[in-house]
Structures are given as structure tokens and as C-alpha cells.
Amino acid sequence: MLLAIDILTLDYNVKFPLSLVVSRKSILRYQLLFRFLLHLKHVEQSLTSMWMDRTEDKSLAASCAKPP
């Protein structure tokens with residue numbers, strides 16, 4: 001299954017004077033770093049969501065298990 005997060009990239013067309021300092025190789029490295037950080041953020045949000053669901057389920061189960 002292919003997700004949008006897997007194919008999202010950032011690119012920048014560097015004009016002449018700046019292209020002497022910022023190479024294509026450095027832009028590709030930045031793209032890899034960006035993609036890695038984006039995946040980390042996605043994992044963080046997924047884990048947070050699962051944690052919230054899990055703790056909510058526990059609190060519901062505890063409140064249902066208490067005798068009236």
C-alpha cells in the first residue's frame with residue numbers, strides 16, 4: 001500500500017550564485033532528512049493516537065467494572 005507520505009518530496013531550484021554554495025547533493029540529502037523526519041512525525045502521531053485509545057478503553061472498562 002502506497003501512502004502520500006511515502007512519495008512526498010521537497011525540491012528547490014537553486015539559481016546561479018547560490019548554486020555555487022548549495023549543491024544538488026546537499027538538496028538530495030535534505031530531501032532524505034525531510035522524509036525521515038516526516039516518517040518519525042507520522043509514527044509519533046500514530047503512537048499517540050493508539051495510546052489515547054488504549055487509555056480511554058482502560059478507563060471505560062474500569063468504570064464499567066465498578067459495582068453500583
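Arg24 and Asp11 form a salt bridge, with their closest N and O atoms 3.0 Å apart. The pair links distant parts of the chain: Arg24 lies in helix H3 and Asp11 in the loop between H1 and H2, 13 residues apart. This is a predicted model, in which local features need pLDDT of at least 70 and side-chain atom pairs count only at pLDDT 80 or more, while totals for chains, interfaces and linings use all residues. Residues are numbered from 1 along each chain as its sequence is written, and side-chain values use heavy atoms, leaving out hydrogens and water.

**Fold and confidence**

- From the N terminus, the elements run α-α-α.
- Helices (H or I, at least four residues) and strands (E, at least two) are DSSP runs, numbered from the N terminus.
- The mean pLDDT of the chain is 84, and 87% of its residues reach 70 or more.
- pLDDT is the predictor's confidence in each residue, from 0 to 100.
- Among the elements, helix H1 (residues 4-7) has the lowest mean pLDDT, 80, and H2 has the highest, 89.
- Where pLDDT is low, the predicted coordinates should not be read in detail.

**Salt bridges**

- The whole structure holds two salt bridges.
- The term means a side-chain nitrogen of Lys or Arg within 4 Å of a carboxyl oxygen of Asp or Glu.
- Lys41 pairs with Glu44 in a salt bridge, the closest N and O atoms being 3.0 Å apart.
- Lys41 and Glu44 are separated by about one helical turn, because they are three residues apart in helix H3.

**Exposure**

- Buried means under 20% relative accessible area, exposed over 50%, and partly exposed in between (1.4 Å probe, protein chains only).
- Buried residues make up 6% of the 68 residues in the chain.
- Asp11 is exposed, because its relative accessible area is 53%.
- Lys41 is partly exposed at 43%, and Glu44 is partly exposed at 42%.

**Surface**

- The chain exposes about 6,300 Å², with carbon and sulfur atoms supplying 68% of it.
- Accessible areas come from the Shrake-Rupley method with a 1.4 Å probe; for residues, only the protein chains shown count as cover.
- Tyr12, Phe16, Leu18, Leu20 and Val21 make a nonpolar surface patch of about 620 Å².
- Leu20 sits in the loop between helix H2 (16-19) and helix H3 (24-65).
- Leu20 counts as exposed, because its relative accessibility is 67%.

Definitions and conventions: Patch = residues over 30% accessible without salt bridge, like charges linked within 9 Å, V, L, I, M, F, W, Y side chains within 5 Å.
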